[in-house]
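I want to get my bearings in it, one entry at a time.

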Amino acid sequence: MNERRRNAVASLLFSAGPSGGRRPVPPEWRSAWRELVAAARRTVTDGLVVGTSGNLSVRLGDTVLVTPSGVPYDRLGPRDLLAVDLEGRVVAGRLKPTSELPLHLAVYRETEASAVVHTHAARATAVSTLVDELPPIHYMAAAMGGPIRVAAYATYGSDELADAALTALADRSACLLCNHGTLVYGRDLRQAMDHTAQLEWMCEVWLAASSVPGLRPTLLTEAQLAEVADRLRTYGNQR
């Protein structure tokens with residue numbers, strides 16, 4: 001077998017987890033993994049995570065591709081593809097999944113999410129320590145279902161945190177995690193990333209506006225948010 005053919009064959013294989021062995025990698029898995037790693041690196045360059053904090057995942061049928069625990073995103077490559085089933089069992093890869101895997105799986109089990117992004121964004125984390133709900137400072141809250149709630153604090157990686165997040169996510173696609181960060185899901189990774197950035201921006205706007213001495217920021221009403229939510233259904237170029 002020549003070198004070119006050997007490389008082509010190798011690119012179609014991945015580790016099958018603790019049991020060892022090899023299995024074919026569906027092309028869509030390889031493509032989704034590349035997008036996931038690129039998005040993970042963006043969370044660092046955009047200042048949404050520090051070090052190895054935060055984690056991302058995408059769902060492909062009954063399989064979830066997820067970032068590993070404690071590995072800097074700039075070190076991840078094609079051979080590090082990591083996949084689990086909806087029960088959290090590793091079905092592909094040698095690395096250990098993120099400690100927040102229960103959080104991701106809970107979202108996939110209870111929603112129609114195709115992607116989940118969790119960050120330790122600084123401003124959002126600061127807001128999570130001040131209020132029970134991010135005040136409706138901007139209409140983009142409507143894109144995530146309404147005012148963004150703060151999930152009760154629970155230890156990272158715990159089932160209690162997953163339960164608290166699901167409570168805060170009721171009829172929403174985003175929430176803040178008290179003293180922790182953000183959790184956002186979307187119909188795809190692009191939407192989840194975009195809404196994560198929007199959420200951090202809204203937190204920044206509220207912190208800035210509420211810090212002006214003697215003044216209080218104007219907030220939107222439920223009716224105003226509902227009107228925006230209606231308009232967003234036909235916003236942009238619909239696919």
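Entry 1. I'm working from a predicted model. I began with β3 and β4, which pair in the antiparallel sense over 4 bridges. Leucine 60 faces threonine 63 of β4 across that pairing. The two strands make a hairpin, and I count 2 residues between them. I looked at glycine 61 in the turn and found a positive phi of about 65°.

Entry 2. Next I checked the pairing of β3 with β7. It is antiparallel too, over 4 bridges. Here valine 58 has alanine 115 in β7 as its bridge partner.

Entry 3. How many strands form the open sheet, and in what order? I find 8, running β6-β5-β4-β3-β7-β10-β9-β8, with mixed pairing. Which strands stand at the edges? They are β6 (90-92) and β8 (150-151); each has a single partner strand, so one side of each has no neighbour in the sheet.

Entry 4. β8 pairs with β9 (residues 174-177) in the parallel sense, over 2 bridges. Alanine 151 sits opposite leucine 177 of β9.

Entry 5. Helices next. I see α2 (residues 27-45) packing on the sheet, where it touches β3 (55-60), β4 (63-66), β5 (83-85) and β6. The direction of α2 makes about 155° with that of β3. Then I looked up α6 (residues 189-210), which lies across β3, β7 (115-119), β9 and β10 (181-186). I get about 145° between α6 and β10. So much for my notes today.

How values were computed. Residues numbered from 1 in each chain as written. Predicted model: local features only at pLDDT ≥ 70, side-chain atom pairs only at ≥ 80, totals over all residues. Heavy atoms only, no water. Pairing = 2+ DSSP bridges. Contact = heavy atoms within 4.5 Å. Axes fitted to C-alpha atoms, helices over the stretch in contact; angles between N-to-C directions.
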